[in-house]
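Dear colleague,

Please find the structure below, handed over for your use. My notes on helix packing and aromatic contacts follow.

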Amino acid sequence: MKIAPDIDSSEWTSLKLDDPRSVDWVRAIEIFKTRIAGWYVDATDLLIETDESKLPTERRFGFVVMAIDCLLIETLAAFREGLTDTQKQSKRIFSNFLATQSLFGNHFTVTRAEQFYSEFRCGILHQAEVGGASRVWSVGEVIRDDSGKLTVNRTEFHKLIKAEIESYAQELENPSDAGLRANFRQKMNFICR
């Protein structure tokens with residue numbers, strides 16, 4: 001079974017990760033980054049790049065970009081917590097991720113994160129629309145709140161997702177962060193089952 005472009009699950013299962021100083025940790029993190037970039041980030045980057053040559057009013061990939069980025073938020077949150085399934089925990093982990101992760105925490109309170117979860121994540125993924133009076137845009141600040149109406153710049157938001165992925169990968173490089181690594185292994189082992 002492929003777990004990333006050109007990477008089979010057998011490669012993951014052959015890694016020796018019990019020793020926190022094992023050189024296999026470098027490959028484990030590379031596999032994660034290849035999985036996330038190869039199947040999600042690269043495609044999203046291509047959509048944004050294609051749209052950027054157009055006038056803002058003619059851009060059309062905002063919902064797809066936000067759908068993929070919402071998927072990535074939930075995925076990163078699950079990796080951080082070692083969750084194999086986010087069923088009945090989705091709102092909690094998604095909102096917590098936005099409100100507490102260093103880069104997103106600058107833009108989201110818990111209340112705003114819960115609104116984003118409901119209007120963007122659930123709206124786009126379940127109804128193919130943004131809920132409430134909120135909207136997706138491609139210019140301006142990451143998120144703007146006009147009396148409860150959120151406008152999210154999908155391009156800047158995607159940059160934050162990419163930076164959070166890189167930050168997480170760098171945290172995994174620290175052999176003394178046993179808890180984070182254990183959660184990472186639990187999630188990857190589940191993926192490779």
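Which residue lies over the face of F190? R193 does, at 3.9 Å from the ring centre. A charge is taken to sit over a ring if NZ of Lys or CZ of Arg is within 6 Å of the ring centre and within 35 degrees of the ring normal. R135 likewise has its charged end over the ring of W137, 5.2 Å from its centre.

Please note that this is a predicted model, in which local features need pLDDT of at least 70 and side-chain atom pairs count only at pLDDT 80 or more, while totals for chains, interfaces and linings use all residues. Residues are numbered from 1 along each chain as its sequence is written, and side-chain values use heavy atoms, with hydrogens and water left out.

Aromatic pairs

The whole structure contains 17 aromatic pairs (rings of Phe, Tyr and Trp, the last by its six-membered ring, with centres within 6.5 Å; planes under 30 degrees apart count as stacked, over 60 as edge-to-face and the rest as tilted). F32 and F184 form an edge-to-face pair, with 5.8 Å from centre to centre and 85° between the planes. F32 belongs to helix α2 (residues 24–52) and F184 to helix α8 (residues 178–191), so this pair ties together parts that are 152 residues apart in sequence. Helices (H or I, at least four residues) and strands (E, at least two) are DSSP runs, numbered from the N terminus. F32 is buried, at a relative accessible area of 0%, and F184 is also buried at 0% (buried means under 20%, exposed over 50% and partly exposed in between, with a 1.4 Å probe and protein chains only).

Ring pairs also link F94, F97, F104, F108, F116, Y117, F120 and F157 into a cluster.

Helix packing

Helix α3 (residues 62–81) and helix α4 (residues 90–100) have axes that come within 9 Å and cross at roughly 95°. That makes α3 roughly perpendicular to α4 (angles of 65 to 115 degrees; under 35 is roughly parallel, over 145 roughly antiparallel and the rest oblique). Axes are lines fitted to C-alpha atoms, for helices over the stretch in contact, and angles run from 0 to 180 degrees between N-to-C directions.

The axes of α3 and α8 are 6 Å apart, at an angle of about 120°.

Strand β5

T151 lies in strand β5 (residues 149–153) and is buried, at 3% relative accessible area.

Yours sincerely
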